[in-house]
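Dear colleague,

Please find the structure below, handed over for your own work.

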Amino acid sequence: QVQLVESGGGLVQAGGSLRLSCTASGRTLSSYSMGWFRQAPGKERAFVGTLNWNGARTVYADSAKGRFRISRDNVKNTVYLEMNSLKPEDTAVYYCAATRRWPPGEYEFWGQGTQVTVSS
């Protein structure tokens, strides 16, 4: 079992930056592909991006390309989502997820989420 905990969310003005972290316990993340998702109020959960076990392969949603970057530190058992040039429409609860597959397909483990609010 993998327990994932997101952190780093908060309130930021439009144009600002945030870095979210996703830290695992219970098992090393080094063999897992990791994804970030978000869910805005009244909307379905949406894919943000994903990277493979060593960070060599990444895939981003169109909304994230050029502004967001996913990285990982397998020594710290942590995955990051760096978000720049934030917009009000980026406001959502952000979730990290883990899977042993690449391409990811369905994710096996999910965190509880961290709130990101972007003010205009």
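To begin with the strand pairing, Leu18 has Met83 in S8 as its bridge partner. This contact belongs to the pairing of strand S3 (residues 18-25) with S8, which run antiparallel and are joined by six bridges. Strands here are DSSP runs (E, at least two residues), numbered from the N terminus, and two strands count as paired if DSSP finds at least two bridges between them.

Before going further, please note that this is a predicted model, in which local features need pLDDT of at least 70 and side-chain atom pairs count only at pLDDT 80 or more, while totals for chains, interfaces and linings use all residues. Residues are numbered from 1 along each chain as its sequence is written, and side-chain values use heavy atoms, with hydrogens and water left out.

S3 and S8 are part of an open sheet of four strands, ordered S1-S3-S8-S7, with antiparallel pairing. Strand S1 (3-7) and S7 are the edge strands, each pairing on one side only. From one strand to the next, the twist averages 20° (axes are lines fitted to C-alpha atoms, and angles run from 0 to 180 degrees between N-to-C directions).

Turning to the side chains, the structure holds five salt bridges, a salt bridge being a side-chain nitrogen of Lys or Arg within 4 Å of a carboxyl oxygen of Asp or Glu. One of them brings together Asp90 and Arg67, at 2.7 Å from N to O. Because Asp90 lies in the loop between strand S8 (78-83) and strand S9 (92-99), and Arg67 in the loop between strand S6 (58-60) and strand S7 (68-73), this pair ties together parts that are 23 residues apart in sequence. Asp90 is buried, at a relative accessible area of 0%, and Arg67 is buried at 11% (buried means under 20% relative accessible area, exposed over 50%, partly exposed in between, with a 1.4 Å probe and protein chains only).

A further salt bridge joins Glu82 to Arg69, with the closest N and O atoms 3.8 Å apart. Glu82 is in strand S8 and Arg69 in strand S7, so that the pair links distant parts of the chain, 13 residues apart. Glu82 is partly exposed, with a relative accessible area of 29%, and Arg69 is also partly exposed, at 47%. Elsewhere, salt bridges that share partners join Arg38, Arg67 and Asp90 into one network.

Finally, Asp62 and Lys65 form a salt bridge at 3.1 Å, N to O, and both residues are exposed.

Yours sincerely
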